[in-house]
Amino acid sequence: MYPKESLDIISKMMNDTRLNVMRNACVPLLVWGWISFGVSLIVYLGHILTGNPGWDFAWFLIPAVGVPVLRYSRPVNKGMPTAISRSLTTIWKMFTVLIVVFSISSFVIPFNALAVILLILAIGSFITGELIRYPFLKYSSIPGFILAATMWALPGLTEIPVFGIAMLIMMVLPAYKIKQELRRLSNE
């Protein structure tokens with residue numbers, strides 16, 4: 001085997017690994033992004049139409065619906081685990097624990113939990129975009145950082161639709177772009 005052939009094989013393996021990690025990142029972004037957007041609409045409309053703060057408990061629909069949907073919609077062939085995929089899994093597990101802690105504590109100690117959660121999700125999206133070397137995902141998290149910072153100044157319920165819109169920008173839109181790029185690359 002010639003050195004150039006060896007380098008070509010290594011390059012192809014690295015690219016295949018990156019595409020596999022992108023493929024596996026796409027589904028969670030879509031699932032959590034759409035469910036978060038939908039639940040934010042439910043909570044917002046529930047508050048507006050009824051004036052009942054009990055609609056805040058609907059936020060718990062996100063994990064209640066998201067976990068089973070994610071388990072059902074994961075790709076069957078996830079490929080070999082890599083350092084990047086293991087790192088992403090660990091990072092998102094840590095962020096999940098933080099989100100749960102902040103969510104539950106916001107029912108006891110009043111603070112702007114949506115701003116904190118949005119900031120955590122923006123950090124996660126940024127890191128994911130960086131690790132899979134997908135600039136669109138990385139830079140689509142920037143509006144999440146900006147919106148998380150401005151949510152502290154938003155009056156009352158206004159923060160809820162802002163959170164939903166941020167989920168579309170940070171997670172759903174990049175996931176569709178990833179799917180589009182994966183389709184394009186598989187046709188080449």
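**Reading the model**

Modeller: Let us start with Ile109, which is found in the loop between α3 and α4. Helices (H or I, at least four residues) and strands (E, at least two) are DSSP runs, numbered from the N terminus. This is a predicted model, in which local features need pLDDT of at least 70 and side-chain atom pairs count only at pLDDT 80 or more, while totals for chains, interfaces and linings use all residues. Residues are numbered from 1 along each chain as its sequence is written, and side-chain values use heavy atoms, with hydrogens and water left out.

Colleague: Is Ile109 buried or exposed?

Modeller: Buried means under 20% relative accessible area, exposed over 50%, and partly exposed in between (1.4 Å probe, protein chains only). Ile109 counts as exposed because its relative accessibility is 52%. Ile109 also belongs to a nonpolar surface patch with Phe57, Phe60, Val100, Ile104, Phe107 and Val108, and together these residues have about 690 Å² of accessible area. Patches are made of residues with over 30% relative accessible area and no salt bridge; like charges are joined within 9 Å, and nonpolar side chains (Val, Leu, Ile, Met, Phe, Trp, Tyr) within 5 Å. Accessible areas come from the Shrake-Rupley method with a 1.4 Å probe, and for residues only the protein chains shown count as cover.

Colleague: How many helices and strands does the chain have?

Modeller: The chain has seven helices and zero strands. Helix α3, residues 83-105, reaches 33 Å from its first C-alpha to its last, close to the 33 Å expected for its 23 residues at 1.5 Å a residue. The expected span is 1.5 Å times one less than the number of residues. The buried residues of α3 are Leu88, Ile91, Phe95, Ile99 and Ser103.

Colleague: Which residues does Ser125 touch?

Modeller: Contact means heavy atoms within 4.5 Å. Leaving aside residues up to four places away in sequence, Ser125 touches Trp92, Leu137, Lys138, Ser141, Met170 and Met171. Ser125 lies in helix α4, residues 113-131, and is buried, with a relative accessible area of 0%.

Colleague: Which side chains meet in a salt bridge?

Modeller: Side chains of opposite charge can pair when their charged atoms come close. A salt bridge is a side-chain nitrogen of Lys or Arg within 4 Å of a carboxyl oxygen of Asp or Glu. The structure holds one, between Glu130 and Lys138 (2.6 Å, N to O). Glu130 is partly exposed at 42% relative accessible area, whereas Lys138 counts as buried at 15%.
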